[in-house]
Amino acid sequence: MIWGIFKRDMCHATRNVIAVIVSMGLVVVPALYAWFNIAASWDPYGNTKALKVAVANNDKGYKSDLIPVRVNVGETIISTLHANDQLDWQFVKSDKAIDGVKSGEYYAAIVIPKGFSADMMTLFSPDIKHAQLKYYLNEKINPIAPHITDQGATTVVNTIDKTFAKTIAQVGLDLASSILHYSQSPQMAEYMRNLNGNLTTTADTLSGASQQVTSYSQLLGSANDIVDSTGKLLASATKAGKQAQNALKQGKSGATSLTSAGANVTSSVNTALDQVSGAFGQVAAKVNKAFDAIGKDSDTAASQLATLSEQISSGESLYDTYITSLNHMRESVEQLPDSDSAKQALLEAIDREITLLEAAKGDSQKLAQQLKDASTQVTQDTAAAERSRKEILNRITSAKQSISNVRDDYATNVKPKIDALASTVSTLISQTDSMITQLSGTADDLDDVTGDVGTNVTSIRSALGAIAKKLDSSAATVKELIAKLETGGNAGDGNSDGGNGGNDASSSDSGESDELRALATANASTLSTLISAPVALHRVSVYPIANYGSAMAPFYTILSIWVGAIILCAMLKVTISDREKAHVLGLGDTLPRIAGPSGPGNASRWGLRLDHEYFGRYAIFALLALLQGTLVCLGDTYFLGVQANHALQFLAVGWLAALVFSNIVYTLTVSFGDIGKAVAVVLLVMQVAGSGGTFPIETLPKFFQMLYPFLPFPHAIDAMHAAMAGSHGNEYLLDMVYLALFLIPSLLLGLVLRKPVIRLNNWVSRNLESTKVM
């Protein structure tokens, strides 16, 4: 029965030329639908150069002391875009660019503001501003164009970021190279020789000052002896009194020299403290350099931090030397008589100076410990290392402030007291001279005066001895600095540590000089490019698709097969007339009257059951659907050149989809008539949105994600993707099975559930026909 129905349908479909042409059209139209869409979307993102995007540069540029050359990032952007063919860049004025976007002449416009370069360079200032480009976009022209132009704008921003980082890095590398070359020049060597000569002269001056102070002390001792003898000589001879007065004048001259020596001591103390403060500044620079190396060479950064810690620790002896000298001076001052008004004030000033020095020493010790701790953290925790950097820099600032406090306190409190002491000595000697003149006849009173003078002179000699030791210590410090400069110059080819202290300074400077030399001799352009883009993205395609047209081919192919199934049901009859049933049964041209009204199943008493009618008429639908699927899949592969790594599997998906889709649409039409055709169109629309053929299903609303497994499109598209690019495990077979499972509900509706609705469908059809419109 089924074969009889199919054979008569084939005869009718090929009875005349018009029937053959229509049949061929039913096969070709779905293929044309797919091919036109696939060809049109073959490479849409490769033709974006036709999209006009305006660019307007209002950047005024930037120039500062940090970067002495004029920087204009806007001009750099324009130069870069001239060589970029991703979009059709139009370089116009800002007013025209904005008007062009509004009128639709340009899809988008990028306007570079006046202060763009200046805002970018705020990176080196405390008040950082985020440089912004103005991006104008006409979103009504085309739904896809905004996304393409957005990508172009993103490319511009990325280009700016890379260019800016590359420029800054290249400036820094060129500056480092210039510094290295200059440090190795004859002029720098001459400067170093002059510096060493000046320092040697300073050391000799300090040593000479120490010897002068010692001489003054001895001179005051002689003056004391003269004063003692004067008391005895005045009683016997006026000439002896004059000699005593001359001796006191010599003592006054010595007191004046004491004031000069105190000034020299103050100068040496200030010089030494300035050197320590400067050393801390250099330590801060090296700390920054070490922390900047984190991530590139953490071991080197840790080694440099450990070296700095040792250098700071070794420099603590300088504080001990100063503290010891102040203690000696204090001992000398304590020997002064309690009646001396300058004694207590000088003692308090010396104690305050010792306290400040001990505080500065404590800051140095804490700084050394933090550097040591940081040297172990940089290889373990980068975030903790950054916090350590800030703490260390804060500690360096605190240490420098402590040094500044010591220097200020010495100048404010200690030095004036020493000057006051010298002034007291001078006044005392003058008073003694006047007393000898006035009381020349009173020997007893003269003995008392000379005794007081002798006591004060002894105290002054003790203070002068402490000052001499301090001058010797300062001279030794300068000589040590000279030795370090000479060692650093030999080790680093002209670069020195600047008196940072420590026995490892030479080896550390040598290593840093070697690193700087290697950096300066490298290709600055290559290094700056690496710094601007340290990470390169290597794209590894898994199951690669040749082009965008191939990627869209499964969606349009499956869509066209469904459209073809709807066209078949629209052009071919799904019901069998009573005359055809009679011919199949061999009963002539008509069924006997006993068959009742025309309709499905009315010839069942003669052996033509409802399922015979269903499969008999569906046979020609299935044949034409298979031809549609075959033509569209072969055309995709061999006409358009769509990628198909497994061509036979690709064709099998088209066949199975044709059978499943044609059966679903055929069943809906057989069961519900024209309403079934409308339902088929609704299903088409739903599957276009929820199939995941264009956008990932995860990006769709929740409703479509829930609907996704219950639609045939997604499984057919996934199976075709697997056939095109390759299958992971049983992915292809599972999708084919899922697609075939949709035949079960379709056949259940067409063979079982259809019977109860036949009368309802006939009643609906009669009412629609009665309208004379539907």
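**Exercise 1. Which residues do ring pairs link into a cluster with Tyr614?**

Solution. Ring pairs join Tyr614 to Phe615, Tyr618, Phe621 and Tyr666 in a cluster. The model is predicted. The count of aromatic pairs comes to ten.

**Exercise 2. Classify the ring pair of Phe621 and Tyr666: stacked, tilted or edge-to-face?**

Solution. 
- Start with distance. The ring centres of Phe621 and Tyr666 lie 5.0 Å apart. Rings pair if their centres are within 6.5 Å.
- Turn to the angle. The planes of Phe621 and Tyr666 stand at 50°. Under 30 degrees counts as stacked, and over 60 as edge-to-face.
- Now place the partners. Phe621 belongs to helix α18 (residues 610-639), and Tyr666 to helix α19 (residues 647-672). They are 45 residues apart, so the pair links distant parts of the chain.
- Phe621 and Tyr666 are both buried.

**Exercise 3. Where is Trp42 found, and what is it in contact with beyond its neighbours within four places in sequence?**

Solution. 
- Locate Trp42. The loop between α2 (17-40) and β1 (52-57) holds this residue.
- Trp42 has 25% relative accessibility, so it counts as partly exposed.
- List the contacts. Leaving aside neighbours within four places in sequence, Trp42 touches Asn547, Tyr548, Gly549, Ser550, Leu640, Gly641 and Val642.
- Take one of these, Leu640. Trp42 and Leu640 are 598 residues apart in sequence, yet 9.3 Å apart in space, C-alpha to C-alpha.

**Exercise 4. The charged end of which residue sits over the ring of Trp606?**

Solution. Arg605 places its charged end over that ring, 5.7 Å from the centre.

How values were computed:
Residues numbered from 1 in each chain as written. Predicted model: local features only at pLDDT ≥ 70, side-chain atom pairs only at ≥ 80, totals over all residues. Heavy atoms only, no water. Helix = DSSP H or I, 4+ residues; strand = E, 2+ residues; numbered from the N terminus. Buried < 20%, exposed > 50% of the residue type's maximum accessible area, 1.4 Å probe, protein only. Contact = heavy atoms within 4.5 Å. Phe/Tyr/Trp six-rings, centres within 6.5 Å; stacked < 30°, edge-to-face > 60°. Lys NZ or Arg CZ within 6 Å of the ring centre and 35° of its normal.
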